[in-house]
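The stops below are given in the order to select them.

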Amino acid sequence: MSSYPTPSEYQEALQAPAVAFADPELQDSTPRTNALGLPQPITGSFAAVFPVTTDPGGRYAVKCFLSERPAQHARYEAVAEALDAVDHDAFVEFAYQPEGISVRGDAYPLLKMEWTGGTTLNRFVEDHLDRPDVLDRLVEAWARLMADLEDMDLAHGDLQHGNVLVETAGEALRLRLVDYDTMYVPALEGRASAEVGHRNYQHPDRTDADFGPALDRFSGLVVYAALRACAVRPELWDEYDTGENLLFRDADFYAPEESPLFDALAETESLRALTGALRTACYVEPADVPPLADVREGRLEPSQVSVSRSRARQGRDAAERSTVARAFLPATIGSGGVALGLAAAGGGLTAAAVLLVGIGVGAGIVATRYRRLSLVRRRRRLEQEADRFASTIRELDRELESLREKRAELRTSMDERRQERLREIQAKALHDRLKHHFVREVRDIDGLTHKHVVRLKAANLRTASEVTPEAVEDVRRISDRARARLKMWRAALEEKYADEIPDALSPAQERRLQRYIEHRIDDLDDQIGRTREKIQTQRTERERIEDRLDEMPDLSIGRYVRYLLRLDTLPDRTEGPPAPAPRPSPESSTDRVPVPEPVDEDRSWWERA
């Protein structure tokens, strides 16, 4: 298959669930529909999700993929097996079906997920900003969930407001996690991450190579700090909420010492230590971020190696070289000297072996250290994010083209639809007349007897409406002559009522058809408009990422080697990511926009699919 279906193509297929789905339960389901009675997809970057209800009342979210993901089947199998073993109520039941849905004759995978009716985390927080007691309970529930994930050796991989749902039962709060595309389980050890997570929650150094049990520590700390801040200083919400975050944005993590939000949080005594822990976490490697339980108990610093590295990145010890950087040049000279000495002593092969081993070990150390450099990791993350936005834009462009084709088809197929509707009306009119002629009438036809009536009834043919030529051919134990006479009986009745069968749509029927076409076109125009807005949003985000990349120094491995050989320097910190614009005072400018305007849309969790 060259490409996966678009959301509108899935929508078309789901008009007949019994044909589209392979799962027997889903075959009897009813998708949620729009005003025109069409299945209503909720689209995200990589999937379209259809809420469906089964006959017994079961509710599911059916996730249909828009593109093929790396090792998708194996990942979901491993995640399902791990979640079955832990049996934690934060996880929803799901089943990955490799050939779960058929679209235009081709089978594609789907994910059948238990419906969860909770409130997304950011909406729940917004609704309870005036209830610090509720937010305090939410903080504790979050801390327990993070501790449970640590104990189970699991990581969700994309903890963010849209993937965390809050369910309430009286005073009790229950957190549910959804969307397991990036989840880490021990069986996936050694693999790369399928995605790098939501930019407003992830460590700025995280790349697809970061995939392990510590994956959620940074995002868990971000959410915890945001919840604590909202409970203590709810006024921050109006200033920093964008609809796509919990106070923090990615720019805060790239330059926390220049972040107005970090400064605002540090002004509050009860938040100062937590803010410092999160600030430090922005500079250490993702795997060195301490567990949330350690932060809560006052163990705020990661490993000493990470602390030293973080201080260097913050400019306090920028001139100090690491142990590897200090030892590299002497080690290189020493290895070369040993090789030359051995060669001079007649040990040419030994000298060559020493030289090759030294080169191999040195290259390995250089490559490993180079990949761990913050600047390199951050460039890689930004490049991966830019690629993800580009991929999303391509999918949206494909959907836009599909919607345009459907719109043009509606305009040009009016006559065909009119004829189709006329045939439906004619068939119903003929049925209304033939249903009053029972098969016992055939006994009056020469050559047909009561025996033939019995045979017709045995085939469940009781009226002339049911005695179609195709049905007559399937009647058993009657002669070809009898079949011909039955068909003639049906044909004679059709001719009798020919003048009563409409040969054109009535004015009212024509108006109804016109209105249906116009409503379908209006609906497609709305979808086209929303898709264009999504494309523009994605392009704006990609441009922002590309601007950050353009302003970030590009540290090549050649320059890093020259640095190790003391022939060059590393890029100065001032060459790094652009700092957030300073916040002007409220009265200084009417154009002050400290954060993007909040998204005025209350979307469900599956829109993040």
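**Stop one: a buried glutamine**

Select Gln72, which counts as buried because its relative accessibility is 6% (buried is under 20% relative accessible area, exposed over 50%, partly exposed in between, with a 1.4 Å probe and protein chains only). This is a predicted model, in which local features need pLDDT of at least 70 and side-chain atom pairs count only at pLDDT 80 or more, while totals for chains, interfaces and linings use all residues. Residues are numbered from 1 along each chain as its sequence is written, and side-chain values use heavy atoms, with hydrogens and water left out.

Gln72 lies in helix α4 (residues 72-86); helices are DSSP runs of H or I, at least four residues, numbered from the N terminus. Leaving out residues up to four places away in sequence, Gln72 touches Phe65, Tyr96 and Pro109 (contact means heavy atoms within 4.5 Å).

**Stop two: the cores**

Next select Trp142, one of the residues with the most contacts inside the largest nonpolar core, which has 96 residues. A nonpolar core is a set of buried Ala, Val, Leu, Ile, Met, Phe, Trp, Tyr and Cys residues joined through side-chain atoms within 4.5 Å. Helix α7 (residues 217-232) gives the most to this core, with eleven residues. Beyond four places in sequence, the contacts of Trp142 include Leu159, Val164, Gly220, Tyr224 and Leu292. A second, separate core has 21 residues, among them Leu434, Val467, Ala482 and Leu486.

**Stop three: helices α11 and α15**

Select α11 (residues 269-281); its buried residues include Leu271, Leu274 and Leu278. Finish at Ile359 in helix α15 (residues 348-372), which counts as exposed because its relative accessibility is 51%.

Conventions. Helix = DSSP H or I, 4+ residues; strand = E, 2+ residues; numbered from the N terminus. Expected span 1.5 Å × (residues − 1).
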